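Subject: Handover of a structure for your review

Dear colleague,

Please find below the structure that I am passing on to you. My notes on what was found in it follow directly after.

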Amino acid sequence: MEDKKHKHGFNTPKDYFKDFDDRLFSKLSEGYIPKKDGFTVPEGYFNLFEETVLNRVKNIKEQPKVIPILSRKTITYAISIAACAVLVFSIINTNASKITLDNLQFTTIESYIEDGNLSFDSYDVALLLNDEDLENLVFDEEIFSEETLEKYLLENIDDTTLLLE
Amino acid sequence: MVEEKELVSALQSEHQKDAAFRSLLSQYKERLYWHIRKIVLNHDDTDDVLQNTFIKIFNNIGKFKSDSKLYTWMYRIATNEAITLINKKAKKNNITIESVKDQALSNLKSDVYFEGDAIQLKLQKAIATLPQKQQLVFNMKYFEDHTYEKLSEILNTSVGGLKSSYHIAVKKITTYLKTNETF
């Protein structure tokens, strides 16, 4: 077009030729598509509709405004206080949890048991164990050294023949 | 038709609100009805959605900012309400959104407020095969007198995007109608 001698001065909308094919195709295709959708409404529906909506609006306006007992501000304060309380509690709790059994002195535990605060006897403890637990119990064989045992026997058993064995 | 700006300021004024709302109702009820009807398909659901749309408009008109158009704003509310209704139905019945639409489609045949013939019923089936956005674009462009510029504001999509959506939709629907000759 540019090498034409005279310019006509007409112009087209932006992208007119770019979209032309699509638009033409759509126009042609639309011939296959029915013009009407087939939906209908009950008779007098639109007149009744106005009344229905206006009544609903009237009801909304007549409803007394509900003022919530707890305003958003109050709820925010309450949540903040609760959060602070949780924070403080968790800090205290963290400190408390540092006290463990390991930190207790043996003598403290002993005196606690001797004072009768722990009324368990060996029978009660045995009841807490099942057969498997009992089997798995490893008896410390090193409670008495051979030396100690020999000394004990020498001091307490008179029958020397027994010792010879 | 009352100028939109005047209507908005009347709707936002204490004394004129009721009269302006009546005017708004009479101007837009039918247009919004047909827009919603094409999304939800049956009359009763459309009635519910249309009522809720106008109630929302009435309750929120005070917050409406005149930098967008009232017409666009109302169409957006109507579209959202219609899609919300379909989503709620799906959730309530524990089925997919597609199943809700399929049910609505299969009910059309016996719907007393659907007087469409076989080809119109087939058209609704063809539309249902499109993605949601293409359905909206097709319905609003083919059956209503929206310009691409207005559609662009309502659907928040570029004019170019809308044009290609529409052409794709028309192609798909034509193919469906040609290939599915019998029910």
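In this predicted model, the contact between the two chains takes 23 residues from chain A and 30 residues from chain B. On the side of chain A that touches chain B, the elements that give two or more residues are helix 1 (16–29) and helix 2 (45–62) of chain A. Helix 2 of chain A supplies the largest share of that side, with 7 residues. By residue type, the side of chain A that touches chain B divides into 11 nonpolar, 5 polar and 7 charged residues.

One residue of chain B illustrates the contact well enough to be named here. Val170(B) has its place in helix 9 of chain B. Leaving aside its neighbours within four places in sequence, Val170(B) is in contact with Ser26(A), Ser29(A) and Glu30(A). Is Val170(B) buried or exposed? Val170(B) counts as buried, because it has 24 C-beta neighbours inside 10 Å and the cut-off for a buried residue is 20 or more. Within chain B, Val170(B) and Phe138(B) are 32 residues apart in sequence, and their C-alpha atoms are 7.4 Å apart in space.

As to confidence, the model scores ipTM 0.79 and pTM 0.65. Chain B averages a pLDDT of 90, and 97% of its residues score at least 70. Where pLDDT is low, the predicted coordinates should not be read in detail.

I turn next to the two chains taken one by one. Chain A has 8 helices and 0 strands, so that from the N terminus on its elements run α-α-α-α-α-α-α-α. Of the 165 residues of chain A, 3% count as buried. The secondary structure of chain B comes to 9 helices and 0 strands, and read along the sequence chain B follows the pattern α-α-α-α-α-α-α-α-α. Of the 183 residues of chain B, 31% count as buried. Among contacts in chain B between residues at least 6 apart in sequence, 56% join residues at least 24 apart.The largest nonpolar core has 43 residues. Those that touch the most other members are Phe21(B), Leu32(B), Ile36(B), Val40(B), Ala82(B) and Val137(B). Helix 2 (residues 17–40) of chain B contributes the largest share of this core, 10 residues. At least three residues of this core are drawn from each of domain 1 (1–115) and domain 2 (116–183) of chain B. For Ile36(B), neighbours within four places in sequence being left aside, the residues in contact are Thr46(B), Val49(B), Leu50(B), Ala78(B) and Ala82(B).

Helix 6 (residues 118–128) of chain B deserves a separate note. Which of its residues are buried? Leu123(B), Ala126(B) and Ile127(B) are buried in this helix. These three lie on the same side of helix 6 of chain B, because they cover an arc of only 95 degrees around the axis. The buried residues of helix 6 of chain B pack against helix 7 (132–142) and helix 9 (159–179) of chain B.

Two loop residues of chain B have a positive phi without being glycine.

- Leu41(B) is found in the loop between helix 2 and helix 3 (43–60) of chain B. Phi of Leu41(B) is near 75 degrees. Leu41(B) is buried, with 24 other C-beta atoms within 10 Å.
- Asn94(B) lies in the loop between helix 4 (70–92) and helix 5 (97–108) of chain B. Asn94(B) has a phi of about 55 degrees. Asn94(B) counts as exposed, because it has 7 C-beta neighbours inside 10 Å and the cut-off for an exposed residue is 12 or fewer.

With 11 C-beta neighbours inside 10 Å, Asp44(B) counts as exposed. Asp44(B) and Tyr113(B) are 69 residues apart along the chain, and their C-alpha atoms are separated by 9.9 Å.

With kind regards

Note on methods
Residues numbered from 1 in each chain as written. Chains lettered and ligands numbered in written order. Predicted model: local features only at pLDDT ≥ 70, side-chain atom pairs only at ≥ 80, totals over all residues. Contact = placed C-beta atoms within 7 Å. Helix = DSSP H or I, 4+ residues; strand = E, 2+ residues; numbered from the N terminus. Nonpolar A, V, L, I, M, F, W, Y, C, P; charged D, E, K, R; others polar. Arc of directions from axis to C-beta. Core = buried A, V, L, I, M, F, W, Y, C linked by C-beta atoms within 7 Å. Domains from an automatic or database assignment. pLDDT = per-residue confidence, 0-100.
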